[in-house]
Amino acid sequence: MPGPTPYALRFEAVDLDRVGTPVLSGVEWSVRREDRWVILGPNGSGKTTMFELASGYLHPTRGIVEILGHRLGSVDVRRLRERIGLVSSAVAKKLLPGVTAEGIVVAGRHAALEPWWHSYSQAEHDKAASLLADAGFAGIADRPFGVLSDGERQQVLLARAMMGEPDLLLLDEPAAGLDMGGRERLVARLSSIAADAASPPIVMITHHVEEIPAGFTHVLLLREGRIVTAGPIFEALSAASLSETFGVALVLEGTSGRWHSRAR
């Protein structure tokens with residue numbers, strides 16, 4: 001029998017059409033288990049569609065998508081999703097505002113939306129509290145999710161995703177709408193997770209290079225459903241490739257593993 005695949009994600013000649021209109025075209029992309037990827041592109045470039053394919057919520061019109069060694073269309077995606085940690089606004093909208101932060105996190109053990117669907121051991125409750133504490137948010141553990149700030153909610157969603165010990169971590173614009181303090185605390189936490197060799201492969205979608213955490217290894221630039229470039233971040237991310245992606249002349253600067261961009 002063949003050995004385990006080295007890829008957490010693999011897209012082969014992937015097209016996706018909506019109402020006869022191409023959204024993604026000819027996407028060739030693979031994520032190895034040690035990789036930390038960021039997907040960058042303007043609105044309407046197909047980033048969210050990439051996320052939905054990678055999480056098993058969409059199937060390609062043509063081509064092959066493999067997630068954790070399983071081909072979409074020949075696997076029970078409900079079981080597959082239990083192995084994927086998701087941080088997205090879609091998940092946040094499904095959570096009950098009266099559940100405590102720790103309750104939200106511990107429910108992530110079974111990818112559940114509410115903690116009373118399962119029973120949890122003291123060790124699991126302790127782990128949930130520890131994940132919040134590791135991010136510097138131990139003080140919000142007993143507060144209802146509905147009264148948390150946007151930055152606090154994103155930290156809870158990230159801890160929830162990590163609670164299930166996922167084999168793949170997918171982040172859909174996790175810093176969107178955060179103030180500078182919230183963004184920097186979240187980026188610092190993601191940098192810490194990325195630096196841990198025991199962490200799963202990570203794919204993060206964003207519009208802004210300033211949100212790329214230090215320690216992320218690869219970048220994919222997407223425009224109008226096609227890949228502009230993809231590869232190691234210090235090779236593929238440049239002023240030229242970024243300008244082509246966003247359709248405006250941009251300057252790119254990097255310092256200590258972080259990036260900054262502005263119009264030329």
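Residues are numbered from 1 along each chain as its sequence is written. In this predicted model local features need pLDDT of at least 70, side-chain atom pairs count only at pLDDT 80 or more, totals for chains, interfaces and linings use all residues, and side-chain values use heavy atoms, leaving out hydrogens and water.

Colleague: In what order do the six strands of the open sheet stand?
Modeller: Strands are DSSP runs of E, at least two residues, and helices are runs of H or I, at least four, both numbered from the N terminus. Two strands pair if DSSP finds at least two bridges between them. Pairing here is mixed, and the order is β6-β7-β8-β3-β9-β10.

Colleague: Which strands are at the edges of that sheet?
Modeller: Look for strands that pair on one side only. They are β6 (84-87) and β10 (226-232).

Colleague: Which residue in β9 stands opposite Trp37?
Modeller: Strands β3 (residues 36-40) and β9 (residues 218-223) pair in the parallel sense over four bridges. Opposite Trp37 stands His218.

Colleague: Why is one side of β2 and of β5 left without a neighbour in the sheet?
Modeller: Their open sheet has four strands, ordered β2-β1-β4-β5, with antiparallel pairing. β2 (21-32) and β5 (70-71) stand at its edges, so each has a single partner strand.

Colleague: How many bridges join β1 to β2?
Modeller: Strand β1 (residues 7-18) and β2 run antiparallel. In β2, Trp29 is the bridge partner of Phe11. The bridges joining the two strands number eight.

Colleague: At what angle does α1 run to β1?
Modeller: Axes are lines fitted to C-alpha atoms, for helices over the stretch in contact (heavy atoms within 4.5 Å). Angles run from 0 to 180 degrees between N-to-C directions. Helix α1 lies across β1, β2 and β4 (62-67), and its angle to β1 is about 125°.
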